[in-house]
Amino acid sequence: MDTIRLENLGFNYGDGWIFRHLSLTVPAGDFAAVIGANGVGKSTLLRMVARILAPTEGKVFLYGTEVSHFRDWGRLGYVPQNPARRQRSFPISVEEVVQLGRWDGRGLFHRFDRQDREAVEATLARFELRDLRHRKVGELSGGQQQRVFLARAMVNDPELLLLDEPATGIDADAKEALYRMLADLNGRGKTIVMVSHDLEMAARYAKTAICLDDGGLCFFGPIREGLHHRHKHGYFFGGSRMG
Amino acid sequence: MEIFWLDFMQRAWLAGFFMAVLCPVIGCFLVLRHQSMIGDGLGHIAFAGVAGGALLGFQPVLSAAAATVLGALLIEKVRAKMRDYSDLILALFFYAGMGLAVVFTSLNRGGGVSLSSVLFGSLMTISTLDLYIVGALGLFVIAFVALLYRPLQYLAFDEVSARVAGLPTVSLNLWLSVLTALTVALSMRIVGILLVAAMMVVPVACSLLVARSFSGTLLGAVCFGLFSVAAGMFLSYYANLAPGGTIVLTGVACFLLCLALRLARGAR
């Protein structure tokens, strides 16, 4: 079954098209990396899938439903570019951040019950956050913070995980651990779509490349073929001009 | 201890404690969204509402409430479009409010309502009706926050993810704006704009220095608010000082003490 379907998608911030005529389908169980140089619209694409931005033209479908009519947000987990880095002093504990994830798709008046408490406990244990539960998120290392946001996205056990540059600002070991964790989740059947600057890591762990350049979608397919395509055509890939 | 038995003091204590809970509870969400000055700014807009109401012959509290609610909604609408300029947007609206107030006042050659009686109330002159108004407002705000605590927390911490989670972030923001506006408009006549605006910010600032979680910050802010009101009322009564100002200064002293303790702890 198709998880995400993009039909003739285009986005314009008002001063020119970021991309146009972008169509592709991400099947269930895929691990897709959205790659390309800075400014080609990688995060913009992900934000349109998450309904944060509305497309200028074209349509986004989630599980067959046009995204503006999609209501089943519990099926989707979203990891933004690290919010704790933007608000380092924000007074919120690790446990509170993970608890917030239980509101995904449940509406305003959801009451936090025993089931929610059990899900939060299990997620804290799974992501090795139990010892950090009372720590302020802004005081953790970049890698630990990213684990907290991944835990928040996963606390509902969603089918689809969207991640916006999850490895930015974290050290090499934490990055490796994060990608391994994502590969493990993908192995358990989760569909993952991730914006990434790290071509090496994406090539090692992702299955599919969604590659954007100044002209829009320049490659969509198995990531190893994408690497071959890169060498052949020499387009921007992973933040630098490759030859 | 006549401070507890005198009729007007009993009303002052009750109103003070209502404000000590109501203002930090709503202020917590404002301060964490970098809107600390909104209470003060809405006071300026209320000023325009009072002056405009006096000019057109409307009841001043109603015209102040209408102006602040309208102003708060407009601020929120513009903020949603220009998120990087939150402080600039607040400043523009506040100066526009002050400008309108001055123009309306100059146009109102017949005199009319005393602006100071509407804008600068005092804890010591509270009537039983005022107490009911503050009490009802306080209960409404606390019920709103209790019912929507986590969605509001989500909104304050990470508005984008809250939207992806399917929460109606636009409506939540508008409701928070309306409640802030009503708190300012209805309370300022009773306890004074200084106390309302400061109590939305100062106890939260104290709590931010000691709390490690969101719930801790909220509870801490209410505790600092209650302490500031209690200590400030005692001081103002026995030293014959203005109660609103004394309560605010007590809160600021708490903040400085917490800051000193934190710096001392960090130095060790």
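I began at the end of one strand, where Gly36(A) has Leu212(A) of β9(A) as its bridge partner; helices (H or I, at least four residues) and strands (E, at least two) are DSSP runs, numbered from the N terminus. Before going on I noted that this is a predicted model, in which local features need pLDDT of at least 70 and side-chain atom pairs count only at pLDDT 80 or more, while totals for chains, interfaces and linings use all residues. Residues are numbered from 1 along each chain as its sequence is written, and chains are lettered from A and ligands numbered from 1 in the order in which they are written.

**The sheet of chain A**

I followed Gly36(A) back into β3(A), which runs parallel to strand β9 (residues 208–213) of chain A and is joined to β9(A) by five bridges; two strands are said to pair if DSSP finds at least two bridges between them. β3(A) also runs parallel to β8(A), with four bridges joining the two, and here I found Ala32(A) bridged to Val193(A) of β8(A).

I then looked up the whole sheet, which is open and has six strands in the order β6-β7-β8-β3-β9-β10 (chain A), with mixed pairing. β6 (76–79) and β10 (216–222) of chain A are its edge strands, each of them pairing on one side only. From one strand to the next the twist averages 15°, where axes are lines fitted to C-alpha atoms, for helices over the stretch in contact, and angles run from 0 to 180 degrees between N-to-C directions.

How many of the six residues of β3(A) are buried? I found six of the six to be buried, so β3(A) is largely enclosed by the rest of the structure; buried means that 20 or more other C-beta atoms lie within 10 Å of a residue's own, exposed that 12 or fewer do, and partly exposed anything in between, with C-beta atoms placed from the backbone. In a regular strand the side chains alternate between the two faces of the sheet. In β3(A), Phe31(A), Ala33(A) and Ile35(A) point one way, Ala32(A), Val34(A) and Gly36(A) point the other way, and all are buried.

**Helices on the sheet**

Next I checked what lies across these strands, and found helix α5 (residues 142–154) of chain A across β6 and β7 of chain A, running at about 165° to β6(A). Helix α6(A) lies across β3 (31–36), β7 and β8 (191–195) of chain A and runs at about 150° to β8(A). I picked out Ala177(A), which lies in helix α6 (residues 172–187) of chain A, and saw that Ala177(A) is partly exposed, with 16 other C-beta atoms within 10 Å.

Most residues other than glycine have a negative phi. I noted His21(A), which is not a glycine and yet has a positive phi of about 55°; His21(A) lies in strand β2 (residues 17–27) of chain A and is partly exposed, with 14 other C-beta atoms within 10 Å. Glu165(A) also has a positive phi, near 45°, and is found in the loop between β7 and α6 of chain A, where Glu165(A) counts as partly exposed with 19 C-beta neighbours inside 10 Å.

**A helix pair in chain B**

In chain B I looked up helix α4 (residues 60–81) and helix α10 (residues 169–191), whose axes come within 8 Å and cross at roughly 150°. α4(B) and α10(B) are therefore roughly antiparallel to each other, the term for angles over 145 degrees, whereas those under 35 count as roughly parallel, 65 to 115 as roughly perpendicular and the rest as oblique. Among the residues making the contact are Leu73(B) of α4(B) and Asn173(B) of α10(B), contact meaning that C-beta atoms, placed from the backbone, lie within 7 Å. By class, this contact of α4(B) with α10(B) has 14 nonpolar, five polar and two charged residues; Ala, Val, Leu, Ile, Met, Phe, Trp, Tyr, Cys and Pro count as nonpolar, Asp, Glu, Lys and Arg as charged, and the others, Gly among them, as polar.

Is Asn173(B) buried or exposed? Asn173(B) counts as buried, with 20 C-beta neighbours inside 10 Å. Its C-alpha is separated by 9.0 Å from that of Leu73(B), 100 residues away along the chain.

How values were computed:
Two residues are in contact if their C-beta atoms, placed from the backbone, lie within 7 Å.
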